[in-house]
Amino acid sequence: MGKALVVARTEYLRAVRTKGFVIGVILMPVLMSGGWIAGKISEEAADVADRRFAVVDRSGLVLPELLRAAAARDARGIWSADEPREQERPRFVPEEHRPAPGEDPIVALSDRVRDDEIFGFLVVGAGVLAAPPAPGPDGQPAPDPADRELSWYTDTPTYEDLPDWIRAQVGDVARDQRLAGAGIDRGLVERLTQGVWVRTMGLARVTAAGELRMAQESSEAATKLLPLILSLLLFILVMSTAPALLNTVLEEKMQKIAEVLVATVDPFDLLLGKLLATTGVALTLSVIYLGAGLVFAGTSDVVPPQVLQAITPATLAWYLLFQVMALLSYGAIYAAIGAACSEIQDAQNLMGPLMIITMVPLFFIGPVLSTPDGTLSRVLSLVPTATPMLMMMRVSAPPGPAWWELVAAVVITGAFTFGCVWAAGRIFRVGILSQGQSPSWRRLAQWMRER
Amino acid sequence: MSDAIRLTSVGKTFGEHVAVSDLSLVVPAGRIYGFIGPNGSGKTTTLRMILHILLPDSGTVEVLGQQVRRAASDRIGYLPEERGLYKKLKVLDLLVYYGALKGLPRARARQAGREWLARLGLQDWSERKVEQLSKGMAQKVQFIATVLHAPELLILDEPFSGLDPVNLQALRDAILELNRAGTTVLFSTHDMSMAERMCDQIGMIFRGRKVLDGTLDEIQRRYGDDTVRLRAADARAALDGHPAVAGVLDMGRYQELRLAPGADPQALLAHLAARTRVDLFEVARPSLHDIFVRIAGPEADAAARASSGAAAGEAG
């Protein structure tokens, strides 16, 4: 054990004293917020060229409304909120098209789209604003006349902002016209059709001292976002530190350092030292990120107070325990693969299945988060390869797992971790000095049994 | 005198391949023992069993008076044939790490590291990264890492390969000095003249079996005075299949002749003198090199294969 600690200390310091570690610490939050940054960049780089489109208005009522709405949008809807005001979105520019005698407007306008004169065109049916016919006496809906159609023609169907805007504008106009036609006040309709609002609350309870604690409004940030962040952080830290063990072990083999090491340290102590170092590195990162997160949650107005209340010492303790178990089990497997192979390519072949197993819990984030105490969530969170991530999510998402589930999770995952470290130790012992072709899974099983 | 290493009927097989078979070997404490044998004969496997990196399938391995069941005794220093160091570490940090792994307190390891670096002329390199060292320097650093903790037993696998004469001399002096201070040294080598000069005792292993064991004198005596060192103009033509000569080993500047049993060296000298100018004619014991080739050379190898083939044929 003493030598394992010497290995752990040296490898830990080697890892955290590198520039790569410092860069990684800064880079990970940047990568995690990659989606937000990409959104910002695409906003900055948005195409603001005018979207000119022709309108064949057979109703004679829609085009004036579109022109008016476009002018209003030009004035308010396409500029950035902050000073200096910059154009963020393109102008929509409707123009009237009156078909020449004998001309098929669809064909003529399609040619104009192909020639890049216009972005697309709209054909408005004559009766588009009229109310749909009332159902027949038997309650069956009456057939809808064809002249109520609104058709948008384009060769860029993936650009949906413009047809969405048209639909909204024409829809508004149609509703106003229909209400006015029926003699109904629009404001009254809006008030009468307003939806009801559901407040999601926690539960009230009476404390041991007999004091009543009223239910509090639950916060989505505390009940969904926090569990998601904690389990993703756990997952990302495992994925960013454990596979590095494969590389360091393989490097020691390829650079012929391994033989000196195993003549000096028992292979199991060597493996244990490496695992402790990796665990130390990941826990250091956890402390940095969780510490920064707590400081942010405590000082920022953006974070609701329920989030800080949800981060209890117990939550943090569970996080650390699951983090350690995940690192030891996955780390041991990666180290064993590194020891078993002599070439990077061979290692990658063996890594494939392991990567998939590691990723599986990710696919179940959604279902587990929406029904944390459902049967699927309960079963999956006891599968040892998924427990650290999914049980972490359940621990921090109300109502939380039952006590026996936590005990079962710790026992099963603890046994699994122990098994991984034991098996990896056996493979490591033989593999670290093996040369040549990488072994098959069968051969690895044989190594485990060798004396 | 007690024994530093005692192997008794040790065997080790990898799958179908018998690496070491029924090997018994004793290395007395305080001696320098040379371990020779052709490539693939089982030397490294034997060394790894002595170190308990590998466990024997049969027999017993006793090292420094103990039948250790696990690797990594801090009383042993081991320099493997294939060497490697952490390239990104600084030289002194690396030595401290290896010293700490061998149980030295860090401060003590640092001090010993500095002393050894100075002794081998590397004092200015202690704060440089290993990747900046030349090959010879890296080899010396690896040697220091092996001896830093003052081991009682030093096991060196091909310690001199790839060294220039100056570095070789420095390393040899260091090994001899450690031996004088009481360290037992077991080293494997392909350099027969080095083994002749340095070793108190020599063992040879061939095809997993021990074929020689003893002092140089004992070994040479066993092969008798049947060797002639000859330097002569156009020696090969002058010899011309003379029946007194059983074999010729070309050493470059001279030929080493093996005399046929019962042949008279004086008659051979007279034969040669009548045909060419003889610059050197020395009746001697065979060199270790010659003995090695007699045991493991192509002729011996072919004979061994033929006999094992015949045995297999008979068995079949």
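Analyst: Two residues count as being in contact if their C-beta atoms, placed from the backbone, lie within 7 Å. Keep this in mind for what follows, and note that the model is predicted.

User: In chain B, what share of the contacts with a separation of 6 or more comes from residues 24 or more positions apart?

Analyst: The share is 69%. Chain B has 316 residues, of which 38% count as buried. Its C-alpha trace spans about 70 × 50 × 35 Å along the principal axes.

User: How many helices and strands are there in chain B?

Analyst: Chain B holds 11 helices and 13 strands.

User: Over how many bridges do strand 1 and strand 2 of chain B pair?

Analyst: Strand 1 (residues 3-14) and strand 2 of chain B pair over eight bridges, in the antiparallel sense. As one example to find in the structure, B:Lys12 has B:Val20 in strand 2 of chain B as its bridge partner.

User: Now the helices. At what angle do helix 12 and helix 16 of chain A pack?

Analyst: An angle over 145 degrees counts as roughly antiparallel. Helix 12 (residues 313-340) and helix 16 (residues 387-396) of chain A pack at about 175 degrees, and their axes are 10 Å apart. The two helices of chain A are therefore roughly antiparallel to each other.

User: Which residues make that contact?

Analyst: From helix 12 of chain A come A:Thr315, A:Trp318, A:Tyr319, A:Phe322, A:Gln323, A:Met325 and A:Ala326. Helix 16 of chain A contributes A:Pro388, A:Met391, A:Met392, A:Val395 and A:Ser396. Sorted by class, the contact has nine nonpolar, three polar and no charged residues.

User: How many residues does each chain give to the contact between chain A and chain B?

Analyst: Chain B gives 17 residues and chain A gives 15. On the side of chain B that touches chain A, the largest share is three residues, from helix 2 (residues 91-101) of chain B. By class, that side of chain B has 12 nonpolar, one polar and four charged residues.

User: What should I look for in the backbone itself?

Analyst: Most residues other than glycine have a negative phi, and most peptide bonds are trans. Exceptions can be picked out one by one.

User: Where is A:Pro399, and is the peptide bond from A:Pro398 to A:Pro399 cis or trans?

Analyst: That bond is cis, with omega near 5 degrees. A:Pro399 sits in the loop between helix 16 and helix 17 (403-431) of chain A.

User: What is the phi of B:Leu64, and what is that of B:Ala150?

Analyst: Phi of B:Leu64 is near 50 degrees, a positive value in a residue other than glycine. B:Leu64 lies in the loop between strand 4 and strand 5 (76-79) of chain B. B:Ala150, also not a glycine, has a positive phi of about 50 degrees. The loop that holds B:Ala150 runs between helix 4 (135-147) and strand 6 (153-157) of chain B.

User: Why does B:Ala150 count as partly exposed?

Analyst: The reason is that B:Ala150 has 15 C-beta neighbours inside 10 Å. B:Leu64 is partly exposed as well, with 18 other C-beta atoms within 10 Å.

Conventions. Residues are numbered from 1 along each chain as its sequence is written. Chains are lettered from A and ligands numbered from 1 in the order in which they are written. This is a predicted model: local features need pLDDT of at least 70, side-chain atom pairs count only at pLDDT 80 or more; totals for chains, interfaces and linings use all residues. Axes are lines fitted to C-alpha atoms, for helices over the stretch in contact, and angles run from 0 to 180 degrees between N-to-C directions. Helices (H or I, at least four residues) and strands (E, at least two) are DSSP runs, numbered from the N terminus. Angles under 35 degrees count as roughly parallel, over 145 as roughly antiparallel, 65 to 115 as roughly perpendicular and the rest as oblique. Ala, Val, Leu, Ile, Met, Phe, Trp, Tyr, Cys and Pro count as nonpolar, Asp, Glu, Lys and Arg as charged, and the others, Gly among them, as polar. A residue is buried if 20 or more other C-beta atoms lie within 10 Å of its own, exposed if 12 or fewer, and partly exposed in between; C-beta atoms are placed from the backbone. Two strands pair if DSSP finds at least two bridges between them.
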